[in-house]
Amino acid sequence: MTPTQRLPLALATTTLLLTTTLYTVTTAHADDNPSVPPGTEATATAPVELDANDPDLKLPEGATLAEPKVLDIKQVVEDESGEERREDTNADVKFALQAEVLFPRDSAKLGAESKARIRSIAEEIKAQNATRIRVFGFTDNLGSSAHGDVLSKQRANAVHEILSTELNDPGVTFEVRGYGEDYPIASNTTEEGRKKNRRVEVSFPRGES
């Protein structure tokens, strides 16, 4: 292997080590293969040079810049096993738990370990002072669509029941739905993808007073 060939490998390895050190979890993306977000892969090429006198970079006469605004940046982290994923934006927090870690196969009955996971989400809801909670259930596309609709709603109801008990606040409102096989987050053509689609999501506004 020549020095030129080793350079991208060394940069990619450094990027992976930094990601592991900073987050201690795997960053989740739409594509399962990359270890870094698209567009941030290590490269040995120099950045594109810009000509400050290029007329295309100047505002036309009489034009003004738009008002500045804060972009809604999303941070997504997933534990190493892929069992739990957390998404943070400027406005919301969302937890996604794989059905396998919450329920037995084709069941909506929660075990002790599952309830502990949901209680930790309840603590985060309290920390954010959130009063509007969404609990949505999803399945893969195996079996009938009608069965998936029923099972996903039953599982959402089970998670809602634990959250409601833990929060014990009449000021908190819940939206509980079962979407069945709708809104997959991965391909249903593989078991790995179907496993990600079988999930319950709990989301709520960030820092609501």
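The side chains of arginine 86 and glutamate 124 come together in a salt bridge, with an N to O distance of 3.1 Å. This pair ties distant parts of the chain to each other: arginine 86 belongs to strand S3 (residues 84–88), glutamate 124 belongs to helix H3 (residues 112–127), and the two are 38 residues apart. Please keep in mind as you explore that this is a predicted model.

How accessible are the two partners? Arginine 86 has 21% relative accessibility, so it counts as partly exposed. Glutamate 124 is buried, because its relative accessible area of 17% is under the 20% cut-off.

Another one joins the side chains of arginine 85 and glutamate 87, at 3.3 Å from N to O. Both arginine 85 and glutamate 87 are buried.

Arginine 85 and glutamate 87 also take part in a network of salt bridges, which links them with Lys94, Arg199 and Glu201.

A further pair to visit is arginine 177 with glutamate 175, a salt bridge whose closest N and O atoms are 2.9 Å apart. Arginine 177 has a relative accessibility of 40%, so it counts as partly exposed. Glutamate 175 is partly exposed as well, at 30% relative accessibility.

## Glutamine 98 in strand S4

Next, find glutamine 98 in strand S4, which covers residues 92–98. Is glutamine 98 buried or exposed? Glutamine 98 is buried, because its relative accessible area of 6% falls under 20%.

Which residues does glutamine 98 touch, leaving aside those up to four places away in sequence? Its contacts are Gly82, Glu83, Lys195, Lys196, Arg198 and Arg199.

## Serine 187 in a loop

Our last stop is serine 187, in the loop that runs between strand S6 (173–178) and helix H5 (191–197). With a relative accessible area of 38%, serine 187 is partly exposed. The side chain of serine 187 makes a polar contact of 2.6 Å with the side chain of threonine 189.

Not counting residues up to four places away in sequence, serine 187 touches Gly193, Arg194 and Asn197.

Notes
Residues numbered from 1 in each chain as written. Predicted model: local features only at pLDDT ≥ 70, side-chain atom pairs only at ≥ 80, totals over all residues. Heavy atoms only, no water. Helix = DSSP H or I, 4+ residues; strand = E, 2+ residues; numbered from the N terminus. Buried < 20%, exposed > 50% of the residue type's maximum accessible area, 1.4 Å probe, protein only. Contact = heavy atoms within 4.5 Å. Polar contact = N/O pair within 3.5 Å; in protein donor to acceptor, adjacent residues only side chain to side chain. Salt bridge = Lys/Arg side-chain N within 4 Å of Asp/Glu carboxyl O.
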